[in-house]
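My entries follow in the order I made them.

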Amino acid sequence: MAKEQLMVLNALDSAKIQLYHFKAIVIAGMGFFTDAYDLFCINPVMLLLGRLYYTEPNPLTGAMPTKPGTLPPNVKSAVAAVALCGTIAGQIFFGLLGDKLGRKKVYGMTLMLMIFCSLASGLSFGPFGPYGVEAEPKAKAKAVIATLCFFRFWLGFGIGGDYPLSATIMSEYANKKTRGSFIAAVFAMQGFGILAGGIVTIIVSSAFNAANPAPTYELGANQSTVPEADYVWRIILMFGAIPAALTYYWRMKMPETARYTALVAKNAKQAAADMCTVLQVDLEAEPEKVETRVQGNDFGLFSKQFLQRHGLHLLGTTSTWFLLDIVFYGQSLIQPLIYADVHWLRQSKQMNAIEEAYQNGKAQTLIALCGTVPGYWFTVVFIDKMGRFAIQLMGFFFMTVFMFALAIPFDHWTSSGSGLGFVIMYSLIFFFANFGPNSTTFVVPAEIFPARLRSTCHGISAAAGKIGSVLGTFVIVYASAPAPSGIGTKNTLMILGGVNLLGVLFTLFVPESKGRSLEEISGEDEEEDSAEART
């Protein structure tokens, strides 16, 4: 026999959609806005860094190289991956802390880290000041990159904390009928972050290019990168702090979730009082029911009971997120190469430094508008109708199909005149990533684990994803280089297609959670009976 549900939890499960739910989506979603903004604005930033710090004349002749400088593969991988490494640490650390201290107590820490480190990333300095005028070019480049990597690690640490905390808070506030849509809507703020990254890049670079006109690299190599370009990448990075700062006050005003307060902290009176304010209804505290529910509800993450109940679930959530992020982050980093291969953008030598950032920002914005943002919101609309399992399986399947459709006839796509068709197909990969596993891998771990382990298990699942993204960052950056140093874009896309196919298989371990209460999904309603059976 299942346990009798607490009145406060029943009220949450059956609550009508209120203004507070939408406020919670925006407040919780700002961390993901910053996450996506940072991820997708880093491509034009790295192009500018390559022009500014790695375009060097021949030491013997003094002649400039035939192409503008780019970040070496190891430096490019480090700049991209260091934030992801910080994210892994933050997901596990804050996930554990969220279950030990409560969601609210550590929620503000993550946002403050993101705000400070976004600003600090734009202030990365050389050995003798912001621009290291007195330093040698190589010393200046090393100092700027090292400082940037330091602050990006801690930016990632803060972003990582937002994954388990925001997902858990939204799942524990939402009603069971629309819970999937609400959690997916928090994650969909990533779409606006991606779009904002492209738009801010367009605005800042176009303004600086108009104020500081310069010739293309092939017409004037030395003059094509104006000193003011150093301001462009800094402003782009620092802008990510603004939306996060605007929501800090409201994040601190959010009460602790009733499920944590009642089921973990065991304070029925406070849980009822908090939800009376949020839901604007009268609720009884029911402390005796809280005591009854916690009996037999104390097994740990490394216990035999957890392995029996949730071991396969954790395998499903970690493996699918790991595979998804190899593809999602890997293909994001090779976007500039793909745009050049299919002749969608001019070659770098045919643009000046700021114009190249502008053109990449414009391409990114178009991809986001056509594929990325719609994919997120299709998930929001359909996740509580189709279910998590069906959307994830469909997403991985179509990502596989379109990835192979690009890779196998790659020579056709790279021929002149086929660029638009390639971009449409490429946009569909992003569409089905977001109307698919990129959204569902975030939603499901926030629903299927017990309250006392929910934040921890979500953090572990998300960390597995970011391990995949780090792997994708290093492997794909090196692999996508032309032969003989790499295997080229075509073969890289083939590998990513194979990874998507594995995602289809591991999705079979992911349970469906549509339309059920969190306690029913996680088995907490039945744990007392299980405890009695063991005695």
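Which side chain makes a polar contact with the side chain of T507? I found that of Q392, at 3.2 Å. I take a polar contact as a pair of N or O atoms within 3.5 Å; within protein, one must be able to donate a hydrogen and the other to accept it, and residues adjacent in sequence count only if both atoms are side-chain atoms.

Before going on, I note that this is a predicted model: local features need pLDDT of at least 70, side-chain atom pairs count only at pLDDT 80 or more, and totals for chains, interfaces and linings use all residues. Residues are numbered from 1 along each chain as its sequence is written, and side-chain values use heavy atoms, with hydrogens and water left out.

**T507**

I placed T507 in the loop between α21 (488–506) and α22 (518–522). Helices are DSSP runs of H or I, at least four residues, numbered from the N terminus. The T507 side chain also reaches the backbone oxygen of G503, at 2.7 Å. Leaving out residues up to four places away in sequence, I listed T320, F389, Q392, L393 and F396 as touching T507; contact means heavy atoms within 4.5 Å. T507 has a relative accessible area of 0%, so I logged T507 as buried (under 20% relative accessible area, 1.4 Å probe, protein chains only).

**Salt bridges**

How many salt bridges does the structure hold? I read twelve, each being a side-chain nitrogen of Lys or Arg within 4 Å of a carboxyl oxygen of Asp or Glu. I looked up three of these pairs.

R251 and D162 meet through their side chains at 2.8 Å, N to O. R251 is in helix α9 (residues 248–253) and D162 in helix α5 (residues 137–173), 89 residues apart. I have R251 as buried at 1% relative accessible area and D162 as buried at 0%.

E172 pairs with R454, with the closest N and O atoms 2.7 Å apart. E172 lies in helix α5 and R454 in helix α20 (residues 451–479), so this bridge ties together parts 282 residues apart in sequence. Both E172 and R454 are buried.

For R179 and E447 I read 2.7 Å, N to O, in a salt bridge between the side chains. R179 sits in helix α6 (residues 179–211), and E447 in the loop between α19 (437–443) and α20, 268 residues away. Buried or exposed? R179 is buried at 0% relative accessible area, and E447 is buried at 0%.

Last entry: salt bridges with shared partners join D99, R103, E172 and R454 into one network.

Notes
Helix = DSSP H or I, 4+ residues; strand = E, 2+ residues; numbered from the N terminus. Buried < 20%, exposed > 50% of the residue type's maximum accessible area, 1.4 Å probe, protein only.
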